[in-house]
Amino acid sequence: MSKAFLIAAPWSNSGKTTLTLGVSRWFSNQGFSVQPFKCGPDYIDTLHHTTAARRTAINLDTVMMPEAHVTSLFQKYQQTADISIVEGVMGLFDGAVKDQGSSAAIAKLLDIPVILVINASSMAYTIAAVLHGFKTFDPDLKIAGVIFNFVKTESHYTFLKEACDTVGIPSLGYIPPNEGVEIPSRHLGLHIDSTFETTIEKAAAHIASNISLLHLLEHTKYIEPVAIEQETTLTLPKPTKTIAIARDEAFRFFYEENLQWIAQHAQIVYFSPIHDTQLPTCDYIYLVGGYPELHLEALSANSVMRQQLKEAADNGISIYAECGGMMYLGKTIIDATGTPFPMAAVFDFSTSMEHPKLTLGYRKIVYKELEIWGHEFHYSNIIEDDDIPTLGTVYSARAQQVPTKIYTYNNVCATYIHTYWAAHKKEDICI
């Protein structure tokens, strides 16, 4: 049997990601097998979780995925772990529409308890009213305990612990502020660089020196083993098609289950648009999202790869590109200073970082009989795209049509949307 819990917060910027990473690393350092999960569509947090837990993190999202699929994913991955840690998204009840897809909704679906982390730097006994609201708002949700973050003194913590006693929610301790474990933010989520390993270790040590994490485990839930229906592999034909997937410093944002889904139906080879000068022989090309705007000189300088991708598109090779991958297929990417860098020029549009504006939200793509969900999150703008063919119609989570496009050329599709297709059948996606 394994143990499981979900780390959530009343609001963003409470420190739940740092707590998740530090706790995951500490348990991993003690020899536990830790399976990380992330509520919602974030593909950056999962990179950090994977590093911290030393085990691939998985997204759980009840907007992009059917509930049965979410439950199946959780059962599949937690059964081989000692501890499963799910990090929530935004505030505990914040969802796409009301609490749809929220941390609370996923905790209830999986029937696991919630550990709340609260930024209590400017709060004292008033936190009792906040905790009372969280405890009573949804009686079906179990809040197993509270960790208070950014609390400097034991005397401050006394007020907070008394609030917990009043409400009847266990207090699991407090964590003082520590600039050495802060994760710098950047324009598209959390920071990723070579110092991150050191930061995680510092976070693990800092948290464990202030909170008994073994005591925390006593407030989590044992998950009984569940018989998982195994897909037979004996009668499946060996994949005869090959898909080349971009993967390097510039292209690294994807949903792990999408790759697992692809591996069932095609041979996967990876290539680097930055470093490689030969596109692999393949039937399909998948350009995942990433940070091409941080590697413009290197991407532009590799004119051989840019030309080979253009030729592949002209010759009818099937290419699917998401967000950063879509930007790479444009004519140019314009940096924040207004300087254009030539890209693959499959499409005659450009994308620009010169006047950044945040666009984000769940997206539903409707094309013929297919409905597929994804998520859009970017600061770049697309320009000169009026005459480029598109397909399908795109809606928000509130069923409102949005201007996001799916661009087409020959057998190429490109969009800002990071789509999730792992819950679909092969014939739906046509690979």
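**A walk through the predicted model**

Serine 380 is buried, with a relative accessible area of 2%. Buried means under 20% relative accessible area, exposed means over 50%, and partly exposed lies in between (1.4 Å probe, protein chains only). This is a predicted model: local features need pLDDT of at least 70, side-chain atom pairs count only at pLDDT 80 or more, and totals for chains, interfaces and linings use all residues. Residues are numbered from 1 along each chain as its sequence is written, and side-chain values use heavy atoms, with hydrogens and water left out.

Serine 380 sits in the loop between β21 (370-378) and β22 (381-383). Helices (H or I, at least four residues) and strands (E, at least two) are DSSP runs, numbered from the N terminus. The serine 380 side chain makes a polar contact with the side chain of tyrosine 416, at 2.7 Å. Such a contact is a pair of N or O atoms within 3.5 Å; within protein, one must be able to donate a hydrogen and the other to accept it, and residues adjacent in sequence count only if both atoms are side-chain atoms. Not counting residues up to four places away in sequence, serine 380 touches Met327, Ser352, Met353 and Tyr416. Contact here means heavy atoms within 4.5 Å.

Next, the nonpolar interior. A nonpolar core is a set of buried Ala, Val, Leu, Ile, Met, Phe, Trp, Tyr and Cys residues joined through side-chain atoms within 4.5 Å. The largest has 108 residues, and Leu131 and Phe148 have the most contacts inside it. Helix α6 (residues 154-167) gives the most to this core, with five residues. A second, separate core has 23 residues, including Ala9, Phe27, Val34 and Ile115.

Now the sheet. Six strands form an open sheet in the order β13-β11-β14-β16-β25-β24, with mixed pairing. β13 (267-271) and β24 (406-409) stand at the edges, each with a single partner strand, so one side of each has no neighbour in the sheet. Two strands pair if DSSP finds at least two bridges between them. Strand β14 (residues 284-287) pairs with β16 in the parallel sense over four bridges. Leucine 287 stands opposite alanine 321 in β16.

Cysteine 323 is not a glycine, yet has a positive phi of about 50 degrees. Cysteine 323 lies between β16 (318-322) and α12 (324-328), and is buried at 5% relative accessibility. Arginine 54 also has a positive phi, near 60 degrees. Arginine 54 lies in the loop between α2 (45-53) and β3 (58-60), and is partly exposed at 48% relative accessibility.
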